[in-house]
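The sequence and coordinates are shown below.

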Amino acid sequence: MQKEFRVNAGRWGAVLLLPFIWAGAGWSQDLVSKPTTGTGWEADLGRMGFEVPIEELNQGEIVGQKWLAGGECPGFLGAKVYFLAPVPPEKVARAILFFDPTQGKNLLWEDSGSIKIFQRISRPPVETVWARFREALNKLPFDIMVNVQGQKVGTFHLHPDEIEIVSREKSSGWVSVLGKLMGTFQRGGWNDTIAVPAGLGRAVDFDRDLREVLKENGAVRDEFRPILTALAYGGKGGKEKIEINDYWQLMEVDKSPAVALGCGVARAGSGGRWEVADMNYYVSRGYFGSISLYGIWPYGEGKSLVCRIDAVRADSGQLSQATAKMIGESLFLREVESNCGK
C-alpha cells in the first residue's frame with residue numbers, strides 16, 4: 001500500500017495564477033522508448049503503473065505518494081504528487097518552469113521555506129547575476145560558506161583545487177567555481193559533470209546514479225524520454241522547441257547554508273500534454289542533486305491534471321540509511337509545504 005499525504009491546495013492555486021495575472025552524450029542510448037498506445041492522462045499514467053486518486057483531486061485535494069525503486073542506488077529517495085490546476089497545461093507548464101519561490105525577494109534565514117534567494121540566469125550568463133550572491137556571502141549565515149579551508153572532506157562538495165580557490169578568493173572564488181560548473185553543464189550536459197567528494201575516499205556521481213535509477217524505473221524513464229534527453233544535454237532540444245530556465249539558489253539544507261545550480265526545461269507533448277523537468281545538478285552540501293518531472297494533461301473545461309515526480313540523491317555512505325531517508329523526504333515535503341501552504 002502506498003503511503004499518502006494531503007496538503008492544502010489554496011497557496012498552490014495562487015502560485016499558478018499569479019504569473020498569468022502578470023502576463024495577462026550517451027543519454028539517448030539509455031532512453032529507449034517502448035511502443036505505447038492511447039493518449040491522455042489515464043493512458044500515460046497507466047503506462048507508468050500509476051493509479052490516480054481522481055476522487056480526492058476532484059475534491060480539491062493535493063495527494064502525495066511514495067515513489068521510487070532505487071535498489072542499486074540506495075541513497076535515492078522519491079515521491080510523487082497529484083493535483084488539479086484551474087488553467088490549461090501550457091500555462092501550468094510555464095508557471096512551474098519560471099516559478100520563483102521567493103517572489104524576487106531576499107528572504108531572511110528565519111523565514112519559512114528552504115530557498116532564501118533565487119536568481120534566474122541568462123544564456124550566456126552575465127556577471128551581474130552574481131551580485132546578490134556576493135552580497136549574501138558577506139552576511140550571516142551564508143558567510144559560513146567562504147570558510148571551507150580545513151573542513152572535513154565531504155562537508156562541502158568541492159574538490160581540493162576548488163577549496164583552494166574559495167579559500168583564497170572567498171565569494172569571487174565561489175562565483176568562479178559555480179560559473180565553471182554551469183558552463184560545463186550547458187556545453188555538455190550531465191555526461192560532462194564529474195563526481196564530487198562525499199568523505200574520505202568516497203565520491204558521488206549524481207549523473208551516473210540518476211541514470212541507474214531511471215533504468216530501474218524504466219516506465220517513467222520512457223514516458224519522459226524527450227524532456228529527459230533535453231535536460232541531459234544541458235537544455236538542448238535539437239530540432240524540438242524547448243523552453244529553458246537556468247538559475248542559482250541559496251537555501252537552507254539540514255539547518256546549514258548551501259548553494260545549488262539548477263536548470264529547468266519545458267516542452268509540448270502530444271494530445272495537449274506538456275512536460276517540465278527541473279534539476280539541481282550541483283548542490284554544495286547536504287544532498288547531491290534532485291530532479292522533478294511534471295506531466296501536465298488537459299482535464300476538461302480549461303483545467304489541467306498534474307503529476308509531479310521527485311527524486312533526491314542523499315548520502316547513504318556518510319549517514320545511516322534511516323537518516324538519509326529522513327533528509328531526502330524532508331527536502332521533498334518542505335518543498336510541497338512551501339508551494340502548497342500546508
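## Helices α7 and α8

Helix α7 (residues 160-169) and helix α8 cross at roughly 145°, and their axes come within 5 Å. On the α7 side the contact involves E162, I165, V166 and E169, while α8 contributes S171, S172, G173, W174, S176, V177 and L181. By class, the residues of this contact comprise five nonpolar, four polar and two charged. The model is a predicted one.

Helix α8 spans residues 171-188, 18 residues in total. From the first C-alpha to the last, α8 reaches 26 Å, close to the 26 Å expected at 1.5 Å a residue. Among the buried residues of α8 are W174, V175, V177, L178, M182 and F185. G189 follows α8 and has a positive phi, near 75°.

Strand β10 (residues 289-298) is largely enclosed by the rest of the structure, because nine of its 10 residues are buried.

Strand β9 (residues 274-283) runs antiparallel to β10, and seven bridges join the two. In this pairing, E275 is placed opposite G295 of β10. The two strands form a hairpin with five residues between them, and G286 in the turn has a positive phi of about 90°.

Strand β11 (residues 304-313) also pairs with β10 in the antiparallel sense, over 10 bridges. Here S292 stands opposite D310 in β11. β10 and β11 likewise form a hairpin with five residues between them, where G300 in the turn shows a positive phi of about 75°.

## Cysteines

With a cut-off of 2.5 Å between cysteine sulfur atoms, the disulfide count is zero. C263 is buried at a relative accessible area of 0%, and C307 is also buried, at 1% relative accessibility.

Methods
Residues are numbered from 1 along each chain as its sequence is written. This is a predicted model: local features need pLDDT of at least 70, side-chain atom pairs count only at pLDDT 80 or more; totals for chains, interfaces and linings use all residues. Side-chain values use heavy atoms; hydrogens and water are left out. Buried means under 20% relative accessible area, exposed over 50%, partly exposed in between (1.4 Å probe, protein chains only). Helices (H or I, at least four residues) and strands (E, at least two) are DSSP runs, numbered from the N terminus. The expected span of a helix is 1.5 Å times one less than its number of residues. Axes are lines fitted to C-alpha atoms, for helices over the stretch in contact, and angles run from 0 to 180 degrees between N-to-C directions. Contact means heavy atoms within 4.5 Å. Ala, Val, Leu, Ile, Met, Phe, Trp, Tyr, Cys and Pro count as nonpolar, Asp, Glu, Lys and Arg as charged, and the others, Gly among them, as polar. Two strands pair if DSSP finds at least two bridges between them.
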